Amino acid sequence: MMEIKNTNHIYKEKLKKTERFAIWITDRIGTIGFFFIIFSWTLLWLGWNMFVPIQFRFDPYPAFVLWLFISNMIQIFLMPLLMVGQNLQAKRAEIRAENDFNVNIKAEKEIAVLMKEMKELKDMIQQLSKHQTL
């Protein structure tokens with residue numbers, strides 16, 4: 001008989017610390033909260049460097065070279081990390097799908113056994129009812 005396994009345990013047992021970190025980052029970056037952080041940071045940065053007195057500006061308008069550099073560095077570091085996290089999440093989905101397939105096969109076999117037993121019971125009931133009417 002096939003053993004039904006908890007795919008979450010199977011998946012988590014195989015992960016290295018670096019892979020757990022990649023999944024943690026992937027889970028956090030794909031949120032509206034992260035979007036608002038980046039959006040707010042951008043508005044604050046650009047607003048500060050456009051509207052405060054010139055002596056307090058540190059990234060001159062209109063180029064915003066430092067902002068572009070930092071934004072690009074964030075993208076360069078996060079892009080491969082996100083791809084790693086997505087690949088790991090895809091592996092988890094494969095493990096889950098394989099387990100679901102095995103559960104379905106087991107259920108199909110058990111249903112076939114139950115149907116066979118029900119047919120046998122039905123035949124026995126029919127035979128008994130024939131003997132009782134005689």
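In this predicted model, helix α2 runs over residues 17-29 and holds 13 residues. From its first C-alpha to its last, α2 reaches 18 Å, close to the 18 Å expected at 1.5 Å a residue. Six names stand out along this helix: Glu19, Ala22, Ile23, Ile25, Thr26 and Ile29 of α2 are buried. These residues cover an arc of only 160° around the axis, which puts them on the same side of α2. The spacing has a simple background: an α-helix has 3.6 residues a turn, so residues three or four places apart point the same way.

Attention now turns to helix α3, which spans residues 32-51 and includes Phe35. Phe35 is partly exposed, at a relative accessible area of 45%. Together with Ile32, Phe36, Phe39 and Leu43, Phe35 makes a nonpolar surface patch of about 530 Å². Rings matter here too, as ring pairs link Phe35, Phe36 and Phe39 into a cluster.

Across the model, the count of aromatic pairs comes to 6. One of them is formed by Trp45 and Phe58, whose ring centres are 4.9 Å apart, with 85° between the planes. The angle is over 60 degrees, so the pair counts as edge-to-face. Trp45 lies in helix α3, whereas Phe58 lies in the loop between α3 and α4 (65-133), so the pair ties together parts that are 13 residues apart in sequence. Trp45 counts as buried, because its relative accessibility of 12% is under the 20% cut-off. Phe58, in turn, is partly exposed, with a relative accessible area of 45%.

Key: Residues numbered from 1 in each chain as written. Predicted model: local features only at pLDDT ≥ 70, side-chain atom pairs only at ≥ 80, totals over all residues. Heavy atoms only, no water. Helix = DSSP H or I, 4+ residues; strand = E, 2+ residues; numbered from the N terminus. Expected span 1.5 Å × (residues − 1). Buried < 20%, exposed > 50% of the residue type's maximum accessible area, 1.4 Å probe, protein only. Arc of directions from axis to C-beta. Patch = residues over 30% accessible without salt bridge, like charges linked within 9 Å, V, L, I, M, F, W, Y side chains within 5 Å. Areas by Shrake-Rupley, 256 points an atom, 1.4 Å probe, with all protein chains shown as cover. Salt bridge = Lys/Arg side-chain N within 4 Å of Asp/Glu carboxyl O. Phe/Tyr/Trp six-rings, centres within 6.5 Å; stacked < 30°, edge-to-face > 60°.
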